[in-house]
Amino acid sequence: MRIAIVNDMRMMVEAMRRILATIPEYDLAWVAYDGAEAVSKCAVDTPDLILMDILMPCMDGVEATRRIMSQSPCAIIIVTASINRYAGKVLEAMHYGALDAINTPAEGSTGLLNKIRTIAKLLGKSPQVRTVKKLSSLPKLSPPLIVIGASTGGPQTLVKILGQFPQNFAAAIVIVQHLDAQFTPGFAAWLNEQVILPVEIATTGSRPQPGKIFLAGTNQHLVITSNLSFDYAEQPANCLYRPSIDVLFQSVAKHWLESGIGVLLTGMGRDGAQGLKVLRDAGWHTIAQNQETSIVYGMPKVAVELKAAVEVLPVDAIAAACTKILRMSDN
């Protein structure tokens, strides 16, 4: 696997170079010391993966990510001094196609290698006929539920969808966004500034509540238990992403009292597609984001191929579709 490093601090370049050197299968493609240099080098020699800093002279990592993903796309991990401090810029970079983010590693750190291994596994590797299914009325014990999975490009996509829901929205919303747990508090705070509905991290023992958005908040899998409360599970241990969208969707299909809505958004890989199929088979209304509005048409593409999606919709139409289905379930 060929990996490039983009960072204006030579000390950090050397630290990451030494980390990569511990894995024989990883080759250093090239080094760039600012975003402009990275864009130029990537156009000539596109690596499998770029480790991209955020704050750099000449051109920062956000603009470099935007240009690279439009001109010579490849996998990008944001590696910066503090992903929480620079949350806005990190999320902007992820909107343009960065896959993940991690704090600048100390020499010998395993965190960066774990991120790279996940990307390596992912790289190794007709719209559905739209029908509308009426949902049965949901009992008071279990409010209407919308479960959403997202990865690459998810933060801005989620804002477009969640921002359309009103303050008195009747459903509870549960989201798995592929992010490292250390970044989730910053993501929740940022999302609270962008949408009307309150956003909080799901905690063990709490339950989905109408008019609230709950985010998976650890590197374990967020699940719904038999008593309709949140919990975090270590198993399955072999998932490429932790938390896994598939695991949440499957737990909801098993334990939630009535059918609801499952949504799978932009992202690389396959996570969530099989879980969406399980939801559809359990009577849920399922939606996959379409290719034209996806930053990376990976997860929703697999869902379409599995016939897991009742509807395949552009991002701007998903909120309206959810509202329509929920309104039908009340009639």
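**Pocket, sheet and helices**

Biologist: What classes of residue line the largest pocket?
Modeller: By class, 9 are nonpolar, 6 polar and 6 charged. Here Ala, Val, Leu, Ile, Met, Phe, Trp, Tyr, Cys and Pro are nonpolar, Asp, Glu, Lys and Arg are charged, and the others, including Gly, are polar. This is a predicted model: local features need pLDDT of at least 70, side-chain atom pairs need 80 or more, and totals for chains, interfaces and linings use all residues. Residues count from 1 along each chain as its sequence is written, and side-chain values use heavy atoms, without hydrogens or water.

Biologist: What volume does the largest pocket have?
Modeller: About 450 Å³. Of its 21 lining residues, Asn114, Lys115, Thr118, Leu240 and Arg242 are closest to the centre. On a 1 Å grid over the protein atoms alone, a pocket is an open set of points with protein on both sides within 12 Å along at least five of seven lines; a cavity is a set where a 1.4 Å probe fits but cannot get out; lining residues have an atom within 4 Å of a point. Points join across faces, edges and corners, and the volume is the space filled by probe spheres set on them.

Biologist: Which element gives the largest share of that lining?
Modeller: α5, with 7 residues. Helices (H or I, at least four residues) and strands (E, at least two) are DSSP runs, numbered from the N terminus.

Biologist: And the largest cavity, what lines that?
Modeller: Gln177, Leu179, Thr184, Phe187, Leu215 and Ala216. The space inside is about 30 Å³.

Biologist: New topic. What is the strand order in the sheet?
Modeller: The open sheet of 5 strands runs β2-β1-β3-β4-β5, with parallel pairing. Strands pair if DSSP finds at least two bridges between them.

Biologist: Which strands stand at the edges?
Modeller: β2 (27–32) and β5; each has a single partner, so one side of each lacks a neighbour in the sheet. The twist averages 20° from one strand to the next.

Biologist: How many bridges join β3 and β4?
Modeller: 4, in the parallel sense. Methionine 52 stands opposite isoleucine 78 in β4. Helix α3 (61–71) packs on the sheet, touching β3 and β4. Contact means heavy atoms within 4.5 Å.

Biologist: How do the axes of α2 and α3 cross?
Modeller: At roughly 10°, coming within 9 Å. That makes α2 roughly parallel to α3. Angles under 35 degrees count as roughly parallel, over 145 as roughly antiparallel, 65 to 115 as roughly perpendicular, the rest as oblique. Axes are lines fitted to C-alpha atoms, for helices over the stretch in contact, with angles from 0 to 180 degrees between N-to-C directions.
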